[in-house]
Amino acid sequence: MIIDCHGHYTTAPAELEAWRKRQIAAIGDPAKAPKRSELVVSDDAIRQSLENAQLRMQRERGTDVTIFSPRASFMAHHIGDESVSREWSALCNDLVHRVCQLLPDKFIGVCQLPQSPGVRPESCIAELERCVLELGFVGCNLNPDPSGGHWREPPLTDRWWYPLYEKMVELDVPAMVHVSTSCNPCFHATGAHYINADTTAFMQFLTSDLFRDFPTLRFIIPHGGGAVPSHWGRYKGIAQDMKRPPLGELLLNNVYFDTCVYHYPGIELLTKVIPVDNILFASEMVGAVRGIDPDTGHHYDDTRRYVDQVRALSPDERDRIFEGNARRVFARLGRRSAREVNAAGRR
């Protein structure tokens with residue numbers, strides 16, 4: 001089986017965006033805000049939104065299951081206040097849950113958290129519990145910068161975040177560190193802000209004792225870890241100069257990286273630098289890069305091709321990247337099928 005650990009509902013029906021526009025227009029006048037029940041999307045519309053996109057690509061590329069979450073750029077935690085974020089997050093999570101109910105062999109849910117700038121992370125606990133315990137989701141996306149490119153929150157290693165981490169440990173779910181839209185014109189969202197956040201999170205982890213306090217806490221740093229693989233020597237040297245433990249001991253029991261790297265040399269570097277047990281297969285299809293590479297004739301985000309080309313990987317190592325590591329990191333998935341995970345969430 002091939003498990004894609006990083007997918008977003010980027011092709012959601014247009015009714016979702018229309019609802020969001022109404023919500024934003026009503027900020028400051030709650031009486032005009034739309035109710036969640038006013039989003040009307042048929043099952044057929046959901047199937048149609050996926051059939052010629054994620055489902056077709058799964059078939060063509062030979063992947064089996066996608067760990068699926070709301071569209072990252074739509075999280076936009078900087079818009080409105082806590083109540084706006086709470087309603088929007090619940091709506092998006094419910095829609096992903098419907099995808100998982102309609103296609104239980106193909107999609108497993110991961111939730112958006114109702115973060116809001118300056119609001120303490122424990123405000124997210126109720127939605128995390130609902131999504132994991134009631135909807136059968138197996139993880140969450142955690143935005144280290146709800147301000148949208150201005151970095152006003154404490155580092156991820158600050159005790160400010162600890163109540164949320166305590167709940168993640170209790171529920172045995174990981175978080176993917178994933179920012180949303182950049183509202184800072186200095187940072188292009190997917191080309192700079194996303195990669196900056198990946199790299200920043202790693203450096204925050206390196207300089208802290210977070211995993212001494214939470215030895216079973218797990219994070220996935222997406223997009224191949226940002227700058228981390230190509231600058232591993234820099235981080236190794238910084239840790240050494242700071243008298244920190246070796247990186248493997250300090251971080252690699254808790255921090256994992258995905259394969260959303262859109263050319264073969266990048267994947268080859270990732271597998272040379274990062275231990276195989278810390279790499280999870282992912283493509284983020286249909287995501288930030290949707291075109292075809294003119295040098296190869298294949299879609300940039302067809303990342304399975306790149307992993308298959310790495311000759312240095314043994315069959316067992318490739319199996320761990322494609323399936324085994326995801327089952328270990330997303331512990332609620334474990335050895336169960338996608339259908340079993342989704343069924344458990346409905347009980």
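## Cysteines

A disulfide is taken here as a pair of cysteine sulfur atoms within 2.5 Å, and by this rule the count comes to zero disulfides. Cys 92 is in no disulfide, its nearest cysteine sulfur being that of Cys 131 at 11 Å; Cys 92 is buried (under 20% relative accessible area, where exposed is over 50% and partly exposed lies in between, with a 1.4 Å probe and protein chains only), its own value being 6%. Cys 111 is likewise in no disulfide, with the sulfur of Cys 131 as the nearest cysteine sulfur, 4.3 Å away, and Cys 111 counts as buried at 0% relative accessibility.

## Basis of the values

This is a predicted model, in which local features need pLDDT of at least 70 and side-chain atom pairs count only at pLDDT 80 or more, while totals for chains, interfaces and linings use all residues. Residues are numbered from 1 along each chain as its sequence is written, and side-chain values use heavy atoms, with hydrogens and water left out.

## Backbone geometry

Helices (H or I, at least four residues) and strands (E, at least two) are DSSP runs numbered from the N terminus. A cis peptide bond, with omega about -10°, joins Met 285 and Val 286, and Val 286 lies in the loop between strand 9 (279-280) and helix 12 (303-309).

Ala 76, a residue other than glycine, has a positive phi near 40°; Ala 76 is found in the loop between helix 3 (72-75) and helix 4 (82-102) and is buried, with a relative accessible area of 7%. His 223, also not a glycine, has a positive phi of about 55°, lies in the loop between strand 7 (219-221) and helix 9 (232-241), and is buried at a relative accessible area of 9%.
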